[in-house]
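Visitor: Please take a close look at one part of this model, the side of one chain that faces its neighbours.

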Amino acid sequence: MRLPTQWLGVAPFFIFAIMFLILPTLYLMLGAFQNDAGEFTLENIVALAQPSIVAAYWISIKVSLASSLIGAFAGLAIAIAIVRGGLPDWIRSATLTFSGVASNFAGVPLAFAFLATLGRLGLATVILNTLFGLNIYAHGFNILSFWGLTLTYVYFQIPLMVVIIVPAIDGLKKEWGEAAATLGATMSQYWRMVVIPVIWPSFLGTVILLFANAFGAIATAYALTGSSLNIVPILLYAQIRGDVLHNAHLGYAIAFGMILITGLANVFYIWFRTRSERWLK
Amino acid sequence: MKAGRFWAWVVFALGAAYFFIPLIATVEFSMRMRRGAYSFDAYKVVLGDARFQATFGYSVLAAVFTIILGVLIVVPAAYWIRLRLPQLRPIVEFITLLPLVIPAIVIVFGYIRMYGSNSPLPFLATDTGTNALLVIGYATLSLPYMYRAVDTGLRTIDVRTLTEAAQILGAGWGTIVTRVILPNVLIAVLSGAFLTFAIVIGEFTMASLLNRPAFGPYLQNIGANRAYEPAALAIIAFAITWGCMSLIQILSRFAPKSANRPN
Amino acid sequence: MADPFLSIQHVRKSFGATTVVEDFNLDVERGEFVSFLGPSGCGKTTVLRMVAGFEEPSAGKIVVGGKDITRLKPNQRNVGMVFQAYALFPNLTVAQNIGFGLKVAGMPKAEIDARVTEMLGIIKLPQMADRYPYQLSGGQQQRIALARAIAPKPKLLLLDEPLSALDAKVRVSLREEIRSIQKKLGITTIFVTHDQEEALSISDRIAVMYGGKAEQVGTPFEIYNRPATKFVANFVGTLNVLEGTVTDAAAGTVRVNSEQVSLKGKLNGSKSGDTLSLALRPEAISLGRQPGRDSSLSGEISEVHFLGSVIRVRVGIGGNTVSLDTFNSPATPPPAVGEKAEISFSSDDMLVLH
């Protein structure tokens, strides 16, 4: 009775995964390399090179890069502050809890929140104008723009970084610092020779994870900038909705390009994470 | 170390400002509906809106089905892999990583193409089928979190030893799963469930592309057409997310803690 | 008498209202190996960390080689430290770890390499130079931690329970290796441990600590055979305790379970009628009357454990039980439980506990 039971137990999982995760994705991947007649072709991939699509990828990459770098460094600073900064204990747990919430607070509501803050009638805009005489819109700022979107994305990128990197900073053993001190090292020598080399794989890996996270996001952008900022997911959305590109297979190619980028990013993330975990055994 | 502490406070203050100002601004904006005075009018309008109630109810129902589906798929798999099939673990962990790699929009695109009206499994041909497909899509999105929560819970209670102890005492598989494993894993399952709930309530992409009357598309629609209600909705959404996360934290205090080292 | 190399004078450490170390005094000679021995919480690690510079004394001072180092930062003290958790830098190879202190000091690369090779030779791990810590066993990591600590030729070597995280067998071989390296290089060393066998086997002197104070400082022989306080007698080695009542303070006789024992010269301050705790080490007791043992007590054998070459016997005397070891004799069967027996000992070996 043993052999069948365990395979029966895991079967639903695998059937589900194959039917609703692997096959649909493969279907799209294959479709990217087919034309309407069903023959193998690279013309869809080639067609990705048209200006509007390249522009979409480029904007996506820029937004993802900007928000992931800003989020990563800000998140690292906050993580170091709450773990090593000598702050009261409650700050650390409160920050981690809030980060857990904030990293999930994405999508449409987040866009609303930033519109309420930095939109033309937003609270921050108004306060800056009335209290400090600084009219940011007159100076060219606009929440409905590349930097507005980046600033909004950072709201869930920073918490994600904090949650992931805090364990890595925890892993910096107190004894290392003490050992370095007895061996004559100053604080900056210790950071330069031990801390940074130990932390940077985790850090870089997380930057990449943040990048992939931003690249695939659509709801926030859709709610905030609509189709005025044509990032790849929005392009794909329009294509699925109404075949705006007049070529169904081109849609597959766009999806393929997305998976390629996020997939590659995740491979690098895993590689960096395994490397740092091996050291910190 | 004093200089270090000063900068830590500075960083923390800046971070707190960045994260709280939008929340405060949103609350403030949401209360501006009545001209000249702060009020909760926007909230009243939103909560009284029939479409709000309908779409919110739809999403809640979808979330419940998603959680049930997730539990049925994940719990047995996680259990058997821990107990008998450790060699499958790398494959399963890879699979649970996929929804984080493949964006939701690509997944739902795949569904539309594969399960359309003229496919062997025409989910999209009927309303019920499309609703089912949405729940399936949500289950896929929450798979990584559900699996990780259940797997951690199983690891903490040392499933193997519990199962062997129960078997020696004469219990059959049914008894083992329902009276030994499930009660101990319930807390972990609930944690996964609340995270799933938070994900489903706010989800936009899949619901929109499958044309389902869910909460996400409703939010987006309100945002495009109204001024103050979106802010109220954002606060409501944030409160719900906060509530889910807090419940998970509270639950984790009740989780069984193992005296043994987890394997 | 030359000035001591390390002098810890009237050092006290309080954390808020709690005093963890009270008026600790110790002079250590150059090249001496001193152990701080005591249970958890006795303050031994705190004193060590004050010598290293990680804690600042609430009162008192620490002098090394004539210089007052009490207020110096750890990286200015030129002390080497070995931690319980090895604390090797995970991103550096073994060679880079050992050379860390030298690199920080700005030594030229060629000299660093030469010294590292020398160190690897001393700890007998010459082929490990390019390995990373995660590839090594606990014992190997600790030896490398030792090499790293002594490579910059520090004035003092401090070891904070370095063997506690290791397997029993490794512990024994490594402690002997530490001792022989220390002797060869002549570094003044402080070794913190809660394991009395470790302290007894490798130290020149031991400071037994309890409740933030040094209960006794002496050679292993002194600590073991002439314990100054009840705590030291109980903590170091096994002790058999018998309750007795003083019958004649002047003559020095004590009654133990209806028999008389003569303890001349050990009953200062006691009056007739006082109850005392008397203690004997197991090896001071023999089964049956033996020449050279001038005192005896009778009792009944309560337990016999055959351990191979040694037979552990427990004898009940009145309300107390005394444990002693006797060698196995192939020709004679071990004593039987329930047999009446006599134990004999030298009254010089009996300790009166205060």
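Where in chain A is confidence lowest, and where is it highest?

Guide: This is a predicted model, in which local features need pLDDT of at least 70, side-chain atom pairs count only at pLDDT 80 or more, and totals for chains, interfaces and linings use all residues. Residues are numbered from 1 along each chain as its sequence is written, while chains are lettered from A and ligands numbered from 1 in the order in which they are written.

Confidence in chain A is lowest in helix H2 (residues 43-47), with a mean of 83, and highest in helix H8 (residues 174-182), at 93. Here pLDDT is the predictor's confidence in each residue, from 0 to 100, and helices are DSSP runs (H or I, at least four residues) numbered from the N terminus. For chain A the mean pLDDT is 86, and 98% of its residues reach 70 or more.

Toward chain C, 19 residues of chain A are in contact with 19 residues of chain C, contact being C-beta atoms, placed from the backbone, within 7 Å. H8, helix H9 (187-215) and helix H12 (248-279) of chain A each supply at least two residues of this side. H8(A) gives the largest share, six residues. By class, the side holds ten nonpolar, four polar and five charged residues; Ala, Val, Leu, Ile, Met, Phe, Trp, Tyr, Cys and Pro count as nonpolar, Asp, Glu, Lys and Arg as charged, and the others, Gly among them, as polar.

Toward chain B, A:Pro109, A:Phe112, A:Ala113 and A:Ala116 in H5(A) meet residues of H11(B), including B:Pro230 and B:Phe238.

Technical notes. Contact = placed C-beta atoms within 7 Å.
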